Amino acid sequence: MSRETSDELDVSQLLAHFQEITGIEDQNRSLTILEEHGWNLEAAVQDTLNEKEGIRAVFHEPSPQSYPPSSSSQSPSPSPPPSSRPPSSSLQQSPAVRASQGLVVVRTWEWLLNLAFFPVRFLVTTAADVLLFVFHFVFGYQPSPARNPVGDVQQFVTGFEAEFGHAHPPFLTCSYSQALEQARQELRFLLVYLHSPGHQDTAEFCTKVLCNKEFMDFVSANCVMWAVGVNTEEGVRVSYVLRENTYPFLGLIVLKQSRMVVVERVEGLLPLRELVPRLAVAVRMNEAELVVERNERARRSVDQSIREEQDRAYQESLIADREKEKKRLEEQRREKERRGEEEEKRRKDEETASIRSHRASLIPSEPLPSDPDVMHVVIRVPSGERLERRFRGSDKLEGVYNFAHSCPGVSYDFTLMSNFPRKELRCMPDGGPLLSELGLGTKCALYIKDNSE
């Protein structure tokens, strides 16, 4: 077969598997997503599932390639496409087989054959897996999105504790995408366990490894752990992403170069004395990535704190400046008002002095005491002060008013009143009447009635 033909088959196989996992029927859209992820099936599927769950992508898009992966290229992908694997060996089967529409029938067969001896169960399970594998590629299987991923995880934890007890590592009870995001945010390793209830090594692995105190101590000290059964919708989805070959399966994932990467895969039953050191080596080899990221986050946090402190100081300074400006403007306003009041008072004083001076010039000359027409007038002002002056009987009442107006402390609007007889003394338009016509006698006492009050 030529290289071009082989390349076309690889593209078709990747496209078919991507559509089967994600449920996307549009080939153009599927090809676009695969090209954006450099034909990395794991990254493309994970980001697509995250988008459906409303969680931001945890895999960054790698550098785009202008060509699909060929059979002759040395691809760094975590695992080859499904068609590059052998159809099936006795127990080396892809989880896509167990996820097909015949899953219930196969599990029923396995449950019934558990009552029989092991060789019969082994042969029947293998035959069923081969038939389902053929059915998968002939008719095409498109698993639907997990309707309740958290429920699938909780179902696994409940079943695990019912069968193996409560002594196990703490499992995260969230979806796979949420577990990735939590490990990313906390900068910790994520250990993923895919549980196959029908596998002959599952019970031994759970009893001797997962429930072992040494393993639990290792997990608590180095990572967070997430697990799910591959017989659930969420388990099938994750199985397609991680592309495991057999069970038990453990995958160690860590943030590396800004994306979540599987850095260690443990497939098949492995003794605890080999498993823990192997995982510890993987942790040590990739811990530097987390240290760099922690330092970078610490630096960003310090920079953010400095910026916030600077912003806070700037805001406080701005508020202080605004208060100073407000006080300055208030003082300017008050000073302007004070000056205005002083100017108004000065103007009124000048106006009053001018009026009083004019009124004083209109007062008739004061007669001598020996003048036969002399009248002695006493005026009591509101302040209690007494004003005295001599007038002639032939003088008009306006002269007395002018005399009272010219004295300080007397308002503009007032009326002269006589005590005896008690009456108001009002001027006529011509300034009259004459004082002799008022009948006040040669000595009279008047007082001022302030009309402005």
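Which residue is the bridge partner of Tyr193 in β2? Ala227 is that partner in β2, and here are some notes on what surrounds the pair.

1. Ground rules. This is a predicted model, in which local features need pLDDT of at least 70 and side-chain atom pairs count only at pLDDT 80 or more, while totals for chains, interfaces and linings use all residues. Residues are numbered from 1 along each chain as its sequence is written, and side-chain values use heavy atoms, with hydrogens and water left out.

2. The sheet. Four strands make an open, mixed sheet in the order β2-β1-β3-β4. Helices (H or I, at least four residues) and strands (E, at least two) are DSSP runs numbered from the N terminus, and two strands pair if DSSP finds at least two bridges between them. At the edges sit β2 (223-229) and β4 (259-267), each pairing on one side only.

3. Strand β1. Strand β1 (residues 189-195) is joined to β2 by 7 bridges, and these two run parallel. With β3 (residues 249-256), β1 pairs in the antiparallel sense over 5 bridges. Tyr193 stands opposite Leu250 in β3.

4. How enclosed is β1? Buried here means under 20% relative accessible area, exposed over 50%, and partly exposed in between (1.4 Å probe, protein chains only). In β1, 7 of the 7 residues are buried, so the strand is largely enclosed by the rest of the structure. Phe189, Leu191, Tyr193 and His195 are buried on one side, and Leu190, Val192 and Leu194 on the other.

5. Helices on the sheet. Helix α9 (residues 202-210) lies across β1, β2 and β3 and runs at about 145° to β1. Helix α12 (residues 272-362) also packs on the sheet, where α12 touches β1, β3 and β4 and makes about 20° with the direction of β3. Contact means heavy atoms within 4.5 Å.

6. The cores. A nonpolar core is a set of buried Ala, Val, Leu, Ile, Met, Phe, Trp, Tyr and Cys residues joined through side-chain atoms within 4.5 Å. The largest has 73 residues, of which Leu190, Phe215, Trp226 and Leu242 touch the most other members. The most residues in this core, 8, come from α12. A second, separate core of 23 residues includes Ile363, Leu435, Leu446 and Ile448. Not counting residues up to four places away in sequence, the contacts of Trp226 include Cys174, Leu190, Tyr193 and Val238.

7. Helix α13. In α13 (residues 397-405), 8 of the 9 residues are buried, so the helix is largely enclosed by the rest of the structure. Among the buried ones are Leu397, Tyr401, Phe403 and His405. Their cover includes α12, β5 (374-380), β6 (386-392) and β9 (443-450).

8. Cysteines. A search of the whole structure finds 0 disulfides, a disulfide being a pair of cysteine sulfur atoms within 2.5 Å. For Cys211, the nearest cysteine sulfur is that of Cys206, 6.6 Å away. Cys211 is buried, with a relative accessible area of 18%, and Cys174 is buried with 11%.

How values were computed: Axes are lines fitted to C-alpha atoms, for helices over the stretch in contact, and angles run from 0 to 180 degrees between N-to-C directions.
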